[in-house]
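Reader: Please show me the sequence and the structure, and then let us work through the fold by question and answer.

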Amino acid sequence: MLISLDHLQEKIEVGELLTVVVVKAANVVSDVRENIRNLVGGRMQHYEKLIQEAVDTALQKLEEKAKEHGYDGVIGVKISNPMVVTGGVEIIVYGNGFKKISS
């Protein structure tokens, strides 16, 4: 299955907008540690990992949703700016499903 940021050059039929929302909880102990790190500076590796996992999950769910709707892939995929919220992270991923048109 193709998940693409750009439109394709081949003939396709563009379908409906597909959206996925993923909210992933943070570990409370790690969350406190990251808040302390925020005061002194440095990389917040726990949040980096949490965001990466949420993005990966959202893209996987988008692919599954496209398959459920009978699409060959998703084009014009956008990933929202991840929001680190108290106790977690929120990701929204969306794009249009498409079907390849046979010549």
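Reader: In what order do the elements of the chain run from the N terminus on?

Author: This is a predicted model, in which local features need pLDDT of at least 70 and side-chain atom pairs count only at pLDDT 80 or more, while totals for chains, interfaces and linings use all residues. Residues are numbered from 1 along each chain as its sequence is written, and side-chain values use heavy atoms, with hydrogens and water left out. Helices (H or I, at least four residues) and strands (E, at least two) are DSSP runs numbered from the N terminus, and the chain has two helices and five strands. From the N terminus on, their order is β-β-α-α-β-β-β.

Reader: What share of the 103 residues in the chain is buried?

Author: A residue is called buried under 20% relative accessible area, exposed over 50%, and partly exposed in between, with a 1.4 Å probe and protein chains only. By that criterion, the buried share of the 103 residues is 29%.

Reader: Which residue with a positive phi follows α2?

Author: Within α2 itself, the buried residues are H46, Y47, L50, A54, V55, A58, L62 and A66. After the helix, with a phi near 80°, comes G70.

Reader: With which strand does β3 pair in the antiparallel sense?

Author: Two strands pair if DSSP finds at least two bridges between them. Strand β1 (residues 2-3) runs parallel to β3 and is joined to it by two bridges, with I3 opposite V74. β3, in which five of the seven residues are buried, has G73 bridged to F98. Over five bridges, its antiparallel partner is β5.

Reader: Is N96 buried or partly exposed, and why?

Author: N96 is found in strand β5, and its side chain reaches the backbone oxygen of G15 at 3.0 Å. Leaving aside neighbours within four places in sequence, N96 is in contact (heavy atoms within 4.5 Å) with V14, G15, E16, L17, G73, V74 and I75. Because its relative accessibility is 26%, N96 counts as partly exposed.

Reader: How far apart in space are the C-alpha atoms of G97 and A66?

Author: G97 has its place in strand β5 and, at 0% relative accessibility, counts as buried. Not counting residues up to four places away in sequence, G97 touches E13, V14, G15, E16, L18, Y71, G73 and V74. G97 and A66 are 31 residues apart in sequence, and the C-alpha to C-alpha distance is 6.1 Å.

Technical notes: Polar contact = N/O pair within 3.5 Å; in protein donor to acceptor, adjacent residues only side chain to side chain.
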